[in-house]
Amino acid sequence: MKIETREYQASDVDYAMGHGVNDRVIHCAPTGSGKTIIQCLIAKREMDRGNSTAILTPRNEIFTQTHGAAASICGANNVSTMRAKRQGEYWNPMNPVHVISWPTLIARVRKDKDFWFPRVDRVLVDECHLSMAPKILEILNHYELKARVDGYTATPARQTGRGLGYYFTEIKNVVSVRQLIKEGYLAPVEYYGADAPDLTGIKIRKGDYEVGKLSKACVELVGDAIDNWLRLASDRHTITFAVDIRHCEALADRFNRVGIKAEALHTGLSQGDRDRVVAAFKAQKIQVLVNVGIASYGFDAPSVRCVQVCRPTKSIVLHLQMIGRGMRPKPDGGECMVLDHAGNVPRLGMADDLFRWRLDDGKKACDNWSRHPKSGEAEESKQYECQECRHIFSRQRICPKCGWQVPFSKRDIEAKDADLVPIGRNTAKPLPPDWPSYEVFYAMLRHYAQEKGRKPMWAVFTFEKKAKCRPPHEWNNHALVPPSPRVLNYIRSREIAFYKAKQRA
Ligand SMILES: [Zn+2]
């Protein structure tokens with residue numbers, strides 16, 4: 001296996017190699033950023049220095065993947081492994097690289113306090129946000145390891161929303177979701193809204209809605225979820241997230257009744273049945289996999305092109321994990337559709353918003369910086385839901401799917417009127433009824449100018465020709481809007497007129 005190192009991966013490896021012995025760094029790396037590769041590259045660098053490394057992984061799927069990558073990067077003979085059933089085969093404490101299953105290590109140490117563990121120089125904790133982390137740290141203390149510690153996760157917070165500052169000292173951002181999408185390492189996402197259940201009166205426990213009441217509210221909307229999926233996503237391989245087993249079974253049952261091959265996946269099934277369902281889904285023998293909790297991490301099927309979220313949550317960790325299941329890049333570069341039946345996108349944001357994570361143990365470890373009024377992004381990232389097709393979009397005021405235009409709210413209009421007054425007192429010329437407002441018109445001109453490489457003043461002059469006055473300066477801070485066909489025709493007619501005049505001259 002040939003492994004190509006991406007630029008941000010290489011620079012994160014350098015960072016890890018350079019930080020102090022007492023620093024415990026969380027590397028915030030989205031799903032799809034290749035954090036397993038980064039960890040194995042660090043182990044290789046340590047090995048080249050004559051040091052040893054332990055990579056701690058939480059689950060079987062991740063374990064196998066990590067072991068494969070470590071063997072190909074560090075050489076199979078250098079890697080030893082520890083997990084429950086195959087212990088004797090690979091575990092060799094003298095090797096420079098160890099891939100270790102956490103639960104197994106914890107069980108070993110509990111059973112035998114004197115269980116011998118090598119004095120590794122580096123400990124890498126994968127999925128370091130999981131609740132098992134404190135136990136791992138207890139073990140590290142037990143062995144009094146003086147190792148450099150690096151945690152890796154996409155979401156450096158506990159499920160309750162609290163930070164990980166009880167152990168770690170620093171968060172390092174490896175790469176953003178936005179950049180990964182731009183570089184083609186993640187699929188872009190299209191969001192659609194739907195009726196969300198009424199959540200008034202549902203209690204919040206440990207930072208999220210209480211499941212019992214939530215289930216009841218969501219079961220009532222099962223029919224609506226199926227109808228919307230049929231309308232928008234019936235040709236897509238789909239993962240559906242449910243609240244609990246009852247809700248999960250109800251959704252799968254309803255899918256099957258309309259002739260869609262769906263299966264429920266939850267902890268009520270035996271391990272054998274779960275494996276069978278997952279295998280059938282990955283082989284695309286099942287179109288819709290309705291699950292509770294299981295697919296929220298470590299579950300990877302690149303064929304998934306729709307994530308249907310029927311599980312309302314207040315947890316940013318869970319929200320991002322659910323959407324992330326559909327973001328593996330598609331062979332044709334296509335997008336993943338998110339059907340939000342839970343009101344989660346309006347509540348918490350889009351996957352490529354800029355999230356800011358904090359270490360402290362306070363109530364909220366995460367802020368959506370894209371929505372922060374001071375970020376300068378808030379206006380651009382403002383979300384709208386199309387009243388025609390329910391597509392959720394941002395960074396523009398016209399639905400890119402059907403052309404519906406966001407009406408100006410009363411506040412917008414007041415602001416607009418106020419803006420228009422100072423323009424040399426000569427109020428702008430009245431507009432024809434099929435024309436966007438002046439504000440939108442100017443945003444369209446700026447979009448066109450940027451796209452075609454025109455100077456910014458081109459938009460001002462073109463605006464002035466139509467409106468007979470200059471646009472207010474603040475309008476330059478507004479989001480760009482792709483020109484509507486009407487405006488595009490206008491621009492073209494102006495250009496033709498311009499070239500004809502030039503030719504005559
Ligand atoms: Zn629309």
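Guide: Some ground rules before going on. This is a predicted model, where local features need pLDDT of at least 70, side-chain atom pairs count only at pLDDT 80 or more, and totals for chains, interfaces and linings use all residues. Residues are numbered from 1 along each chain as its sequence is written. Helices (H or I, at least four residues) and strands (E, at least two) are DSSP runs, numbered from the N terminus. Angles run from 0 to 180 degrees between N-to-C directions, and axes are lines fitted to C-alpha atoms, for helices over the stretch in contact.

Next, the helix pair α1 (residues 7–18) and α2 (residues 35–48): they pack at an angle of about 50°, with their axes 9 Å apart. That makes α1 oblique to α2, on a scale where under 35 degrees is roughly parallel, over 145 roughly antiparallel, 65 to 115 roughly perpendicular and the rest oblique. Their crossing is right-handed, the term for a near helix turned clockwise from the far one by less than a right angle, with anticlockwise being left-handed. From α1, Q9, D12, V13, A16 and M17 meet I37, I38, L41, I42 and R45 of α2; contact means C-beta atoms, placed from the backbone, within 7 Å. By class, that contact has seven nonpolar, one polar and two charged residues. Here Ala, Val, Leu, Ile, Met, Phe, Trp, Tyr, Cys and Pro count as nonpolar, Asp, Glu, Lys and Arg as charged, and the others, Gly among them, as polar.

As for the rest, a second open sheet has eight strands in the order β12-β13-β11-β14-β15-β8-β19-β18, and its pairing is mixed. β12 (262–265) and β18 (383–385) take the edges with a single partner strand each, so one side of each lacks a neighbour in the sheet. The twist averages 25° from one strand to the next. β12 pairs with β13 (residues 288–291) in the parallel sense over four bridges, and L265 has N291 in β13 as its bridge partner. Across β11 (238–241), β12 and β13 lies α10, running at about 170° to β12. That helix (residues 245–257) also packs with α9 (residues 222–232) at about 45°, axes 10 Å apart, and the crossing is right-handed.

Finally, the domain assignment, automatic or from a database, gives domain 1 (7–176), domain 2 (189–353) and domain 3 (410–504). The C-alpha centres of domains 1 and 2 lie 30 Å apart, and 12 residues of domain 1 are in contact with 12 of domain 2.

Methods: Contact = placed C-beta atoms within 7 Å. Pairing = 2+ DSSP bridges.
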